[in-house]
Amino acid sequence: QVQLVESGGGLVQAGGSLRLSCVASGRTFSDYAIGWFRQAPGKEREFVAAISWGGGMIPYADSVKGRFTISKDNARNTVYLQMNSLKPEDTAVYYCALRPGRPGTTSYDYWGQGTQVTVSS
């Protein structure tokens with residue numbers, strides 16, 4: 001059974017940094033990709049970043065380019081989202097998700113429970 005567990009969220013002041021982690025378990029992931037998404041109150045869930053276990057990536061969401069970095073540790077089955085220069089508009093629940101094949105912005109089959117990120121002004 002595939003399981004994704006996010007951690008690392010919290011409260012941070014504008015301009016600060018956080019690193020989110022997503023630990024995957026339940027199968028081998030060599031042919032899968034992991035994406036990060038977020039959902040702010042009253043808004044639709046939006047794509048943030050994605051990476052394959054082989055290292056392939058797609059462009060970040062415009063709203064986070066130059067501030068967020070996605071990376072992975074295959075030995076730990078973990079994907080990270082380093083978030084720098086955080087802004088109040090980054091406040092959201094952040095989710096990691098898993099899909100077969102290459103990274104993309106849609107069509108993810110498995111989702112974590114989410115971790116709250118709150119950025120104060």
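Is Phe29 buried or exposed? At 4% relative accessibility, Phe29 counts as buried, where buried means under 20% relative accessible area, exposed over 50% and partly exposed in between, with a 1.4 Å probe and protein chains only. Here are some notes to read alongside the model.

1. Ground rules. This is a predicted model, in which local features need pLDDT of at least 70, side-chain atom pairs count only at pLDDT 80 or more, and totals for chains, interfaces and linings use all residues. Residues are numbered from 1 along each chain as its sequence is written, and side-chain values use heavy atoms, with hydrogens and water left out.

2. The main core. The largest nonpolar core has 31 residues; such a core is a set of buried Ala, Val, Leu, Ile, Met, Phe, Trp, Tyr and Cys residues joined through side-chain atoms within 4.5 Å. Ile34, Trp36, Leu81, Met83 and Tyr94 have the most contacts inside it. Two or more residues each come from strands E3 (18-25), E4 (32-39), E5 (46-52), E6 (68-73), E7, E8 (92-100) and E10 (115-120). Strands here are DSSP runs of at least two residues, labelled E and numbered from the N terminus. As background, nonpolar side chains in soluble globular proteins tend to be buried together.

3. Phe29 with Trp53. There are six aromatic pairs by the rule used, which takes rings of Phe, Tyr and Trp (its six-membered ring) with centres within 6.5 Å and calls planes under 30 degrees apart stacked, over 60 edge-to-face and the rest tilted. The rings of Phe29 and Trp53 have centres 5.8 Å apart and planes at 35 degrees, so this pair is tilted. Phe29 is in the loop between E3 and E4 and Trp53 in the loop between E5 and E6, so you are looking at a link between distant parts of the chain, 24 residues apart. Trp53 is buried too, with a relative accessible area of 6%.

4. Phe37 with Trp111. This aromatic pair is also tilted, at 4.9 Å centre to centre and 55 degrees between the planes. Because Phe37 lies in strand E4 and Trp111 in strand E9 (residues 110-111), the pair ties together parts that are 74 residues apart in sequence. Phe37 is buried at 4% relative accessible area, whereas Trp111 is partly exposed at 30%.

5. Cluster and charges. Phe37, Phe47, Tyr108 and Trp111 form one aromatic cluster. Two of its rings also have an arginine to look at. The charged end of Arg45 sits over the ring of Trp111, 3.8 Å from its centre, and that of Arg99 sits over the ring of Tyr108, 5.6 Å from its centre. To count, NZ of Lys or CZ of Arg must be within 6 Å of the ring centre and within 35 degrees of the ring normal.

6. The disulfide. One disulfide turns up in a search of the whole structure, using a cut-off of 2.5 Å between cysteine sulfur atoms. Cys22 is joined to Cys96, with S to S at 2.1 Å, and the link is right-handed, with 65 degrees about the S-S bond. Since Cys22 lies in strand E3 and Cys96 in strand E8, the pair ties together parts 74 residues apart in sequence. Cys22 and Cys96 are both buried.

7. Thr78. This residue belongs to strand E7 (residues 78-83) and is buried, with a relative accessible area of 6%. The Thr78 side chain reaches the backbone oxygen of Arg76 at 2.8 Å.

8. Leu18. Located in strand E3, Leu18 is buried at 15% relative accessible area. Leu18 and Leu81 are 63 residues apart in sequence and 8.2 Å apart in space, C-alpha to C-alpha. Leaving aside neighbours within four places, the contacts of Leu18 include Leu81, Met83 and Val117.

Terms used. Helices (H or I, at least four residues) and strands (E, at least two) are DSSP runs, numbered from the N terminus. A polar contact is a pair of N or O atoms within 3.5 Å; within protein, one must be able to donate a hydrogen and the other to accept it, and residues adjacent in sequence count only if both atoms are side-chain atoms. Contact means heavy atoms within 4.5 Å.
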